[in-house]
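Hi there,

Here is the model I promised to pass on. Please open it alongside this note, and my walk-through follows below.

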Amino acid sequence: MIEVKNLTKKFGDFFAVDDVSFHVKKGEIFAFLGPNGAGKSTTIKMLTTLLHPTSGGIRINQHDPVTEPDEVRRSFGIIFQDPSLDDELTAWENMEFHGVLYDVPDKLRGERIEQLLKFVELWDRKDNLVKEFSGGMKRRLEIARGLLHHPKIIFLDEPTLGLDPQTRNHMWTYLRDLNEKEGTTIFFTTHYMEEADKIAERIAIIDHGKIVATGTSAELKEQTKTESLEDAFLALTGKTIREEAAGPNDFMRMARRQWTKKR
Amino acid sequence: MKKIYILWLRQLKRYLRSRSRIVGSLAQPLLFLVALGYGLGPVFSKAGQGNYIDFLAPGIVGMSIIFTAIFSGIEIIWDKQFGFLKEVMVAPVSRLNIMIGRTLGGGTVATIQGIIVMLISLVFGFRPTSLLGAIAVIPVMFLVAILFTAIGTIIASLLDDMQGFQLIMNFLVMPLFFLSGALFPLQGLPQALLIVASLDPLSYGIDAFRVLLAGSGHFGLGVDILVLGVITAIFLWLGSYFFKRIQI
Ligand SMILES: Nc1ncnc2c1ncn2[C@@H]1O[C@H](COP(=O)(O)OP(=O)(O)OP(=O)(O)O)[C@@H](O)[C@H]1O
Ligand SMILES: [Mg+2]
């Protein structure tokens, strides 16, 4: 479903993603783990047609994101790491907008929007502008929106960031269900190791733009002779805190970059 | 089709919901109407040019359209910074259709703004020569609005943040406005200035407004529409080219 060969992305002289290869089978739940700034989001952006790779090949549902972007776009749904809602629209309007862009037929769209907004417990707030929402509510809305068109592949970039344990649990139950019933392929990143341990069938660990290990949670633990996935992760990626650690959020990072650039 | 409609609708909703933006963007045209209309009116009629308000109002309508339209185009930078552009860019919609939806939306918003300014100028003594002209001017306003929204879009796809905004205002929008014959007649202008004005697409827009609203123009309505149509087509095409290249 997802095939990546020798994928590289350079920003200037800097290798954000460096010769990465992996594949994800249809119906698989795959976790992509790595410290801040490892290149996870950059990889996802290339897989989802937002960024062009510097070199290397990608196949999403048998299509190339660079040459056949529309086919690729029809195959996936994505929940971004940073906000991507329109604050000036209501929750319902954000959903409606998405449903129309993804050709969800009228009647089905109405039903699914209701079902999903109820699922993330925002149905009674559906006519409120998104700018009046709390961070967690926005996050829930983004998740509901990403699931609206029942894609073949779902990319989730730190979907559970800032969510309470109840909501996290709730969300993963739903996603697993979708995975079982519809065979949806799930590709996600997270910094919660127990989440990856519990949910992912296979895991890839990336650091400094390179994949350092791939396998099931058990295999990674065995390979590093550790007891938990967290220890395995630390053994593979070292204990130093990354430069990016201050804000696990592109938005803040961007703001900081501009701030430092100005001076 | 439905996708273009929903993109258009979004622009319109955003506009209608920001009351402060509507009011704020009316302040400037109002100021021009009062200060110039009353201030230069007597001089203008002494020079035998007739009623200045009737001459000025189409120019100020043009001003509000160019400002609103370019701003609507530039709004993409906001979408980039607040992240919403990602949502649009991963959707299975051709970039051309995204561009069309947005541009029609921005164009509609700018046209509404132009109509409001036209109505406000009535309060200051502006009288269109005919009702028919005042209605026929609306599609022309829309054409001008589309043109400048497309220009705004091109600028926005080349910039990453709003830091260049002031530069664009001072070196593009202001000159386009002041050199367009919005405030002064093109007849009898020094040759050099006339050439510059003839290169400014806004001149043709305002000239067309003036033909329809005040009954006389410099280039003639046929030339105006032809020039506007061709330039709009070129910029729409350019706009979708640049839009396609946006990476986030
Ligand atoms: N547009 C860009 N221009 C320059 N450098 C960039 C750009 N986007 C990302 N980078 C850099 O590429 C590296 C990888 O970033 P990426 O966002 O992929 O990390 P990540 O693994 O998602 O980290 P996190 O866990 O913090 O989300 C970082 O060092 C980042 O600063
Ligand atoms: Mg990231």
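Let me begin with strand β1 of chain A (residues 2-11), which pairs with β4(A) in the antiparallel sense over five bridges. Within β4(A), Ile58(A) is the bridge partner of Val4(A). β1(A) is also joined to β2(A), by seven bridges and again antiparallel; there, Phe11(A) has Phe14(A) in β2(A) as its bridge partner. The hairpin of β1(A) and β2(A) has two residues between the strands, and Gly12(A) takes a positive phi near 65 degrees in it. Strands here are DSSP E runs of at least two residues, helices are H or I runs of at least four, and both are numbered from the N terminus; two strands pair if DSSP finds at least two bridges between them.

Before going further, a word on conventions: this is a predicted model, in which local features need pLDDT of at least 70 and side-chain atom pairs count only at pLDDT 80 or more, while totals for chains, interfaces and linings use all residues. Residues are numbered from 1 along each chain as its sequence is written, chains are lettered from A and ligands numbered from 1 in the order in which they are written, and side-chain values use heavy atoms, with hydrogens and water left out.

Back to the sheet: its three strands run in the order β2-β1-β4 (chain A), and it is open, with antiparallel pairing. β2 (14-24) and β4 (55-60) of chain A are the edge strands, each pairing on one side only. From one strand to the next, the twist averages 20 degrees. Helix α1 of chain A (residues 40-47) lies across β1, β2 and β4 of that chain, at about 115 degrees to β1(A) (axes are lines fitted to C-alpha atoms, for helices over the stretch in contact, with angles from 0 to 180 degrees between N-to-C directions).

Ser41(A) (OG) and Gln81(A) (OE1) coordinate the magnesium ion (ligand 2) at 1.9 to 2.0 Å; donors are N, O and S atoms within 2.8 Å of the metal (3.2 Å for Na, K and Ca), and sites may look incomplete because water is not among the atoms. Ser41(A) lies in helix α1 and Gln81(A) in the loop between β5 (76-79) and α3 (91-101) of chain A, so the pair ties together parts 40 residues apart in sequence.

Thr49(A), in the loop between α1 and β4 of chain A, counts as buried because its relative accessibility is 10%. Its side chain makes a polar contact of 3.1 Å with that of Arg73(A) (N or O atoms within 3.5 Å; within protein, one must be able to donate a hydrogen and the other to accept it, and residues adjacent in sequence count only if both atoms are side-chain atoms). Leaving aside neighbours within four places in sequence, the contacts of Thr49(A) include Pro65(A) and Met89(B), where contact means heavy atoms within 4.5 Å.

Glu142(A), in helix α5 (residues 135-147) of chain A, is buried at a relative accessible area of 4%. The side chains of Glu142(A) and Ser84(A) form a polar contact of 2.9 Å.

Note on methods: Buried < 20%, exposed > 50% of the residue type's maximum accessible area, 1.4 Å probe, protein only.
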